[in-house]
Amino acid sequence: MTIVKQMRLFDIQELMEMESSRRFDAILATFDLQPIFQLFRKTTMYGAPRELNYGAMIQSLANRLVERIPTVKDLVKRLKYDLIFRLDCGFLLSDSVPSEASYSRMVDVISQSDVFGQMNDDLIRAAFTKGFLADEHVSYDATHFEARDASKPSEKKEKAPKKRGRKSKEERAAWLAEQAEIEANLTTYEKKLAAQLPIPTATLRQDIPIEPKWGVKKNSDGKNTFWFGFKGHLAVSTKSQYIVACLMSSGNLSDSKAAIPLLKKVAEVVPNQFTTAIFDAGYDYEAIYRQIINQDMKAIIPYVKRRESEILGLDEHFRPTCVREHSYCYDSFDKKYQSLKFTRPKECATCPLCEDSLCQKVFKIKCETDIRKYTYPARGSALWDKLYKERTAFERVNAYLKEYFQLNNVRHRTGRKAKLHFNLVTFIYNACKLAVDRLNAQLNAQNTAA
């Protein structure tokens, strides 16, 4: 019997275990630093020359995440005493090692732009062009990380005593005018989710709050956990596990408020590529379903009952039931009429009421009847359960960001610089993914040639 030996493919963990020079070359070869150079370009020929090697400094910041160097102070120390590491970062022998203050000034300049967000979009498009990003499903969720800033004590507001009884016509008119003024002055993310639908993606990303705030979330034990910092909202392809789009917000922003900006961003970066959007139960809002339908995608979101009583004639997955309360079976989806088809349950074969007028053979329900309840594939079907299991791709990517790329290790104060840290971490993660895919493609080519 012939034994065929297959070559073992690389993953990110094995990339981290490679020789440092080869690892750095593979990662840095996936992107171009030219957009960052434009931020430090001299506008005139006059004045003092640029003495710092900004290209090497930027590469050293990327290598700091890969090497898990905790602080810039440790990075400067490593550059001083490790000649090979200094050369790997792109410094020349004649270059002096930059100080911590030089790195701080460079970070401040970069944080005033969205250059890493634009570079991440270009990297995702490159992965898509090369065929490494051929997924059809994308998973959305949020993760939290703490800020470097110290939390500020909240101001206690004294509650004005409420007047009991019904308001007079004059008081009610004044109250309505006050409420209308408050509604008009609300920011984009203080309004209801439906207000985000007509707003452009650039405006949504610009208006999102990024200052550190107290956040609360239930852990796996059902208990509330608190942190002072931020939330990272990610859109992850379920098969290749690229971060297709990302967004950072304050820790107190609801996860659902960042869903529509992420959906719109994904459609801009790789239009008409993904067919299915997978969320957890925290995103069960009609506006999110509407945005998914507008992008011609399928929604996989668990349904959350909100003070709703049981509906007669329907089961827990909103499938019709027969007289003896057996659920009808999901059969197919009519794309032309956007309707779900349900057929008789198996129990009807031996039921004495099968020929009775009360027992209907087929049910067809249009999805527009209730876009939350009736989605394709139908709730409770095997295909719906299979697609929802792909949501775990986000958990794997989240573990990589926190364990390998120091997402939790924010060393800068203010939300603007923390956003730069978040964008740099997600960008370097995508660069590592692209480097791994390139190495695997080379190994497959060599294996085929042999």
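Which elements each supply at least two residues of the lining of the second largest pocket? They are strand S1 (137-146), strand S2 (213-218), strand S3 (224-237) and helix H14 (392-403). Helices (H or I, at least four residues) and strands (E, at least two) are DSSP runs, numbered from the N terminus.

This is a predicted model, where local features need pLDDT of at least 70, side-chain atom pairs count only at pLDDT 80 or more, and totals for chains, interfaces and linings use all residues. Residues are numbered from 1 along each chain as its sequence is written, and side-chain values use heavy atoms, with hydrogens and water left out.

**Pockets and cavities**

Both terms come from a 1 Å grid over the protein atoms alone. A cavity is a set of points where a 1.4 Å probe fits but cannot get out. A pocket is an open set with protein on both sides within 12 Å along at least five of seven lines. Lining residues have an atom within 4 Å of a point. Points are joined across faces, edges and corners, and a volume is the space filled by probe spheres set on them.

| Space | Volume | Lining by class |
|---|---|---|
| Largest pocket | about 590 Å³ | 15 nonpolar, six polar, four charged |
| Second largest pocket | about 310 Å³ | three nonpolar, six polar, nine charged |
| Largest cavity | about 120 Å³ | eight nonpolar, two polar, one charged |

Here Ala, Val, Leu, Ile, Met, Phe, Trp, Tyr, Cys and Pro count as nonpolar, Asp, Glu, Lys and Arg as charged, and the others, Gly among them, as polar.

The largest pocket holds about 590 Å³ of space. Its lining has 25 residues, and Thr-275, Ile-292, Asp-296, Met-297 and Lys-298 are the closest to its centre. Helix H11 (259-269), helix H12 (286-294) and strand S6 (298-300) give two or more residues each. H12 has the largest share, with three.

The second largest pocket holds about 310 Å³. Among its 18 lining residues, Ala-142, His-144, Lys-217, Lys-218 and Asn-219 are the closest to the centre.

The whole structure has three cavities of 30 Å³ or more. Lining residues of the largest cavity include Leu-61, Val-107 and Leu-424. Helix H4 (54-66), helix H7 (100-111) and helix H15 (415-449) each supply at least two.

**Phe-132**

Phe-132 sits in the loop between helix H8 (115-129) and S1. Phe-132 and Ala-441 are 309 residues apart in sequence, yet 9.4 Å apart in space, C-alpha to C-alpha.
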